[in-house]
Every structure is written in structure tokens, then in C-alpha cells.
2 protein chains.
Amino acid sequence: MEGFPTLVSFKESRLKLAEVIKYRILETIDVALEDALNMVCAEDVLAPIDLPEFDRSAVDGYAVVAEDTFGSSPNNPVELKLIGRAHAGMNPSDIPRVNRGEAVEIYTGAYLPEGANAVVMVEHVNKSDGSIEVLYPVSPYQNVSKKGEDYKKGDLVIKKGTRIRPWHIGALAALNIPKVKVLRKPRLAILSTGSELVEVGSELKLGNVVNSSKPMLKSLLKEIGCEVLDLGTVPDDLEIIKESIKKGLSMADGVIITGGTSVGELDLVPEAINSLGKPGLVVHGIMMRPAKPTGFGIIDNKPVFILSGLPVAALVGFHNFIKPAVYMMLGLPEEPKITIRGRLTRRVANPHGVRSFVRVRVIRNGDSYYVEPFMLTGSGLISTLTKANGMLVIPEELEGYDEGEEVEVELFQPIDAASG
Amino acid sequence: MEGFPTLVSFKESRLKLAEVIKYRILETIDVALEDALNMVCAEDVLAPIDLPEFDRSAVDGYAVVAEDTFGSSPNNPVELKLIGRAHAGMNPSDIPRVNRGEAVEIYTGAYLPEGANAVVMVEHVNKSDGSIEVLYPVSPYQNVSKKGEDYKKGDLVIKKGTRIRPWHIGALAALNIPKVKVLRKPRLAILSTGSELVEVGSELKLGNVVNSSKPMLKSLLKEIGCEVLDLGTVPDDLEIIKESIKKGLSMADGVIITGGTSVGELDLVPEAINSLGKPGLVVHGIMMRPAKPTGFGIIDNKPVFILSGLPVAALVGFHNFIKPAVYMMLGLPEEPKITIRGRLTRRVANPHGVRSFVRVRVIRNGDSYYVEPFMLTGSGLISTLTKANGMLVIPEELEGYDEGEEVEVELFQPIDAASG
């Protein structure tokens with residue numbers, strides 16, 4: 001039994017993570033629009049047509065020759081002969097041509113009749129039988145959506161590497177593009193180690209511990225767009241651990257192993273990883289708390305992650321190493337975080353060189369926010385996550401924050417107003 | 001043809017929305033943990049057991065009687081007889097009892113042997129054959145996770161009304177709770193109206209417009225946890241529109257109708273809604289831009305929404321009325337937005353009494369952020385959404401923002417650094 005051979009700083013371990021992940025490239029697949037949400041676009045999508053495909057009315061009103069309306073005013077309206085009607089969706093050949101002195105009643109989205117070059121809004125017209133009085137002039141192409149004004153054929157619609165959001169789906173649909181090339185979802189396998197672990201819903205015997213990290217990690221992975229493979233729970237046996245990791249690597253893009261990560265005699269996971277291929281473990285033991293026993297490495301060009309079996313440490317390890325790795329695999333920038341500033345209700349200390357992740361409760365009192373830190377120990381206490389609503393990160397160069405100091409907190413749950 | 005009978009202010013329409021939505025109550029269902037992510041918890045969940053269920057070691061080390069270690073130091077270590085080993089998951093009856101002068105080798109998570117009341121960390125011990133030297137004292141229950149220290153039986157684990165996040169799933173699993181009562185997903189039906197509309201992937205004829213709002217809205221609804229029912233596209237025919245709304249109301253918790261929302265003769269949707277039941281349309285025409293033709297009402301205690309068929313207006317209407325309605329149905333607070341402050345590159349004007357939603361592009365240049373507003377017109381131009389990365393809201397009491405003024409922008413896409 002001994003400590004980690006070398007503890008690596010948080011910053012250095014993040015740099016090494018970037019080296020590890022560069023090996024993996026996800027294939028591209030074609031998906032239908034309705035399956036494209038939050039997938040990463042794998043090609044520059046160019047507009048295949050002009051949008052709109054034709055000049056169309058942007059309002060309900062009257063299609064006219066703009067020049068006919070010049071000089072009109074409520075005191076001096078211009079009378080135009082009403083020669084027909086244009087509804088959205090009508091075949092252009094069924095819409096009469098507009099000549100000087102004429103107008104066609106037109107609806108939003110309808111094809112602009114031949115000869116017309118502007119639309120007078122319905123509010124700016126007096127209508128009578130067979131004719132209209134135009135009260136205000138329109139300039140050429142006023143109230144007209146011109147052919148190609150949204151996208152011209154060949155315009156860039158979605159840049160390669162963009163995460164597809166609902167408005168991208170709208171744009172693809174508008175351009176009549178029913179499918180899009182995306183990166184397939186990263187597939188990650190989870191292996192739980194620990195002879196004490198049982199599945200949720202089991203009949204508990206004294207000494208058993210329910211595997212809580214696995215269902216939490218599954219939902220975390222699904223939420224960032226991964227497919228999850230469950231490799232089950234294995235006892236502390238080197239050969240069985242090795243076989244399970246090999247199976248995971250053959251089926252997935254990477255393997256996450258929980259438990260077996262501290263440094264006791266039964267911690268067979270590092271040995272298993274190092275025996276399966278080069279370079280094996282790259283980092284094991286990071287100067288952070290909780291989650292010091294986090295590690296990662298490479299086998300057959302695929303990443304392997306070690307997370308603590310304790311849920312708080314597993315969560316912190318996930319957020320700082322697995323989520324960034326998945327974003328790197330997808331070529332996405334890190335997401336901005338929802339943060340809030342508030343005053344610390346008591347001092348929090350930080351050991352030299354360590355990055356600490358302190359669960360906090362942010363409380364609002366009127367217009368002021370207060371940040372109440374939970375104890376820094378207890379990475380086994382999942383209640384600190386369900387009671388907290390934010391995470392305070394103390395960087396390695398600071399010795400901590402003082403009581404009353406204003407700090408920035410990442411929010412992961414809503415803030416309640418102070419109850420008392 | 002005439003304008004909206006009464007335009008309602010944005011604030012008043014939001015108040016009326018709250019009145020409309022109070023009628024709907026979603027039933028509760030039981031779901032397995034793996035299906036519970038992002039569902040709304042429908043009961044106060046109490047811990048059914050103590051967690052941990054037994055005193056267990058929080059570290060790798062040696063279980064001892066704390067009093068034996070008092071006064072120990074590297075110069076004056078205390079020798080204890082090693083009488084056995086305790087692994088995580090071992091049956092307590094297989095673990096020897098620790099008496100004064102004795103120690104048991106113990107691993108993280110293992111049952112604390114009878115008689116022991118503390119654990120000395122492995123780093124604070126010299127081990128030899130059959131005995132250990134303790135170099136530093138431990139106090140009673142040091143390095144022990146005490147029975148019930150995470151949750152005591154009966155503790156509140158998840159409050160009713162909480163959206164279930166991954167750490168809640170972890171907590172439920174840790175407490176061996178395999179199922180949880182949640183509100184079922186709101187079910188919303190979408191009806192598209194407009195004789196010009198065709199589905200994406202159709203062969204386009206001149207005058208056709210691809211329905212882009214429907215796939216966008218479907219993905220927006222799914223993203224906030226709704227089930228979506230597609231009522232298809234209907235032509236501008238009062239009876240057909242009425243039948244489709246009735247069908248939607250019979251199958252869903254509410255109906256969203258796109259198109260047919262401005263004020264032409266062919267705008268049959270308001271008439272259809274008002275003829276189907278009381279009170280019918282509550283708001284139609286809101287002092288906002290875009291999305292002025294947004295509306296909502298009640299038929300048979302179920303909400304009905306009207307959105308513009310133009311994608312930008314549909315999106316703004318969705319974010320300001322449908323998303324809040326869904327959150328009200330679920331009893332959830334509004335989510336905090338990801339915002340950024342930057343300087344406007346040019347003035348944007350706002351008509352009196354109107355709330356404007358301006359698509360903007362936020363650009364980073366070194367440490368400075370600049371906000372470039374897009375034109376306020378063009379709610380038909382979906383390209384303003386794919387080119388923008390943020391939304392600037394101008395409240396009704398302001399006449400606009402000046403060039404160079406610092407404004408707060410809601411981000412909906414990542415910020416690129418300025419390219420030139």
C-alpha cells in the first residue's frame with residue numbers, strides 16, 4: 001500500500017487529456033432532420049436553392065407597380081383597378097399580371113404577380129367595389145420578400161462543426177434539405193469495480209453498497225449526447241477486469257472504470273490498464289479535491305478513464321475530464337456556464353497547488369446573494385450534491401477565500417430565496 | 001381585412017398566460033431511475049434507510065480503537081497487533097472483532113469491525129509482519145463514514161417539484177430506490193395551416209413554401225421535455241381547421257397552431273378557436289416584435305396557442321409564451337439564461353410600448369465584447385437566426401439603445417473571436 005506514484009497538477013492533466021483525445025475521430029452518418037437535434041454537423045451545408053425561391057409578399061395587402069403610388073397621400077389618394085387575388089400557395093399561372101393602374105389583392109407568402117414590384121399594406125388602403133385607394137406611397141420592393149434575400153443558392157447555412165440547434169433544423173427544412181451529415185454519437189462503456197457493489201433495487205445485505213455512480217454517470221453521459229454501454233459490475237479480480245476493459249474497447253470509443261482507484265492492494269484497475277496496451281495510464285492521481293484518484297490513459301488509441309467510485313468525486317471527475325473529452329471528440333468548444341456572484345458566509349481554505357471544487361448553497365436575500373460552502377471533506381456524501389445548488393472552484397494558486405469575499409459560483413440547481 | 005381588434009402589452013399577455021395555464025394539472029406516473037432524468041419529481045422523496053447503512057471506512061488503512069493511538073508520534077509509535085483484514089463487501093461476520101492493542105487492515109467502503117472506532121490512514125503507519133506501528137493519533141470516528149451521516153432514514157432527499165438531475169438519480173440509487181413518482185411529460189399537438197405549405201423533402205412547385213416552423217417547433221418542444229403530436233398541415237378551410245383542433249384537444253394537453261395568424265380574410269384560426277368553446281381566444285396580437293400575431297386561449301380547460309408561420313416570429317413566440325406555459329404546467333421556475341454584456345456597434349430603436357427581440361451577433365475582440373444588431377425587420381428570414389448568436393431584448397419603456405451603450409444579451413450560440 002502506498003500513495004500515487006506521481007500526482008499531476010490539474011492544469012497539466014488537462015493538457016495531457018487533449019493529447020489523449022486527439023486520436024479518436026468519429027465517423028459521419030446521415031440523419032433525418034428530426035434526429036439531428038444536438039448532433040454535430042459534419043459538413044459545411046450550402047443552400048441548394050434560393051430562399052425564398054420567388055419574390056413573395058411579406059404582408060397582407062395589394063400588389064402594385066410602385067411607381068403608380070408615388071405622390072399618394074390620404075388627401076390625394078391614388079385609385080387603382082382591382083383585377084384579382086393572390087393567395088399563398090397559388091400557382092403563379094393562376095395569378096393575373098399587374099399593369100400600370102392595376103392592383104391584385106395579395107396575402108402574406110403569396111407569389112408576387114408578374115408586373116408588380118411592391119405591396120401596399122392593407123392598413124394603407126381604402127377598398128371599394130372593384131378598386132382601391134392607395135393612401136401612402138411604396139418604394140420598389142417594399143413589403144416584398146425578394147428571391148434569395150434569406151439565402152442565396154450556395155450560401156453557407158451551417159458551418160461544419162456546429163452543434164445543430166432547433167433554428168438550424170428550421171433553416172434546413174426551409175431549404176428543403178431532409179437529411180444532414182453529422183458525427184455519430186460517441187459511445188462510452190462503463191465498468192464498475194468493487195466486490196461490495198449491488199444494483200439498485202437489490203435486497204441489501206449488511207456490507208453491500210448500492211452502485212450509485214453508474215446510474216448517475218449514465219444520465220450525465222446521455223445528457224451530453226453519448227451512447228452508453230453498461231459493462232456491469234465486476235469483483236476485484238485482475239483477469240476479469242482486464243477482460244471487461246478489452247470487451248468495452250472492442251465495442252465502444254472509450255471505457256470509463258469506476259472504483260478501484262485509490263491505492264490499496266486491491267486496486268487492480270491501473271495494473272489492468274497498463275497490461276492491456278501502450279502507453280496505458282497517462283495520468284493517475286490529480287491535484288484536485290475531491291476526485292484526486294481520477295486518471296486516464298490510452299489503449300489501442302482509445303481513451304480509458306478511471307473515476308472514483310464515490311459519487312461526488314465521480315461527478316467532479318466527470319465534469320472536468322470526461323465531459324471535456326467528449327467535447328474534444330466532437331470538436332465542440334466548452335459550453336459557457338451559468339454563474340452567479342455572491343458573498344461567502346465563511347472562509348474556505350485551499351491546500352497549496354490543489355484545485356478544490358466546493359459544493360455550496362447560494363441563497364438570495366433581497367438583492368443580495370450569499371454563498372454558503374459545505375464541508376470540503378465527504379466526497380462520499382451524495383447529500384452534499386442534492387442540498388447544494390452551486391460549485392465554487394478554488395484555483396491552485398489561491399490559499400482560499402475569506403468570509404465576506406465576493407466569489408463566482410457555477411449554478412447547477414435553481415436558487416431559492418432564503419427561508420428564514 | 002383589418003388590424004388586430006386589441007393589441008395587448010407584453011406584460012399583460014404574460015399575466016393572462018398564467019391565468020390560462022392554471023387549469024392544467026399533469027398526472028403522476030412511476031418511472032424507473034434510468035427514465036427519470038429531467039422529469040419533475042411529483043412527491044417528497046424521503047430516505048427509506050440510513051446512508052451509509054453501517055459505519056464504514058472512508059480510507060484505506062487500519063481499523064483501531066482510537067484510544068490506543070493517543071500520544072503516538074513518529075518518534076514514539078504505538079505498536080498494534082494485526083489480526084485480520086476487511087474488504088469492501090465482506091460479510092461483517094467474517095471480519096474479526098478489534099480489541100485494545102489490535103488492528104484490522106481495512107479498505108475504503110468496508111464495514112468497520114466491531115470494537116474499532118476509527119481508522120488510521122495507510123500513510124500514517126509502518127507495517128511489519130503481524131503488526132503495525134501507528135505514527136499519528138486518530139480521534140474517535142476519524143476516517144469513518146458513520147451510519148446515517150449522508151442521509152438519516154426519513155430525511156428529505158428530493159423535494160416535490162424538483163427537476164430530477166443526474167445527482168438526484170445517484171442519490172436515489174444510493175438509497176436503493178429503483179422508481180420515482182414524476183409528472184408525466186406534457187403532450188402538445190402541432191397543427192400547421194397554410195395552403196402553400198409542403199413537407200420538407202417534397203418536390204417543390206413554384207409558389208410552394210416548405211413548412212420550416214414545424215420541425216423547428218418539434219425540436220424545441222422535445223428539448224423542454226414535451227411529447228409532440230403532429231396534426232399535419234391543413235388548407236385554409238374553417239371546418240377542417242376546427243376538426244383538427246378538436247382532434248388535437250382530445251389527444252393532447254394543448255394545441256399549437258402555426259400560420260393563419262395575421263389579419264387577412266383567410267385567417268380562419270381565431271374564428272375556429274372561438275367557435276369551439278369558451279372563453280376561446282384570450283389574447284391575440286401582442287405588442288412585441290417580431291411575433292405580434294402570437295395568441296392564446298382556452299377550449300375545454302386546455303390551452304391553445306397561435307404562432308406566426310414565419311420561423312423567427314414562431315421562435316420568439318415559443319420562447320416567450322409556450323416555453324413559460326410548459327414550465328408552468330410542470331410547476332418549474334424559469335431557467336436562468338446564459339447572458340453576456342457587450343457594447344452595441346450601432347443604435348437600435350424601439351417603438352413606444354413594444355418589447356423588441358433583436359437578433360444580434362456578439363463578437364469578442366481581446367477582452368471586449370461587441371454586439372452587432374441585425375435588422376429588426378425580416379421575421380421571415382431564418383438566416384438571421386443561423387447567423388446570430390444572441391438575442392437582445394429591448395423593454396417597452398425604452399426608446400432603444402445607443403451606439404456604444406453596454407447591453408446584456410442572451411446567448412444561444414457560442415461566440416467566435418473576431419476573424420478580422
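**Loops, cis bonds and a helix**

Tutor: Asn38(B) sits in the loop between strand 1 (28-32) and strand 2 of chain B; strands (E, at least two residues) and helices (H or I, at least four) are DSSP runs, numbered from the N terminus. The model is predicted, so local features need pLDDT of at least 70 and side-chain atom pairs pLDDT 80 or more, while totals for chains, interfaces and linings use all residues. Residues are numbered from 1 along each chain as its sequence is written, and chains are lettered from A and ligands numbered from 1 in the order in which they are written.

Asn38(B) is not a glycine, yet its phi is positive, near 70 degrees. It counts as partly exposed because it has 15 C-beta neighbours inside 10 Å; buried means 20 or more other C-beta atoms within 10 Å, exposed 12 or fewer, partly exposed in between, with C-beta atoms placed from the backbone.

Asn143(B), also not a glycine, has a positive phi of about 65 degrees. Its loop runs between strand 9 (131-134) and strand 10 (144-145) of chain B. With 22 C-beta neighbours inside 10 Å, Asn143(B) counts as buried.

In the loop between strand 2 (45-46) and strand 3 (56-57) of chain B lies Pro52(B), and the peptide bond from Leu51(B) to Pro52(B) is cis, omega near -10 degrees.

Helix 6 (residues 269-276) of chain B has Val269(B), Pro270(B), Ala272(B) and Ile273(B) buried. Down the helix axis, these buried residues fall within an arc of 160 degrees, so they line one face of the helix; the arc is that of the directions from the helix axis to the C-beta atoms.
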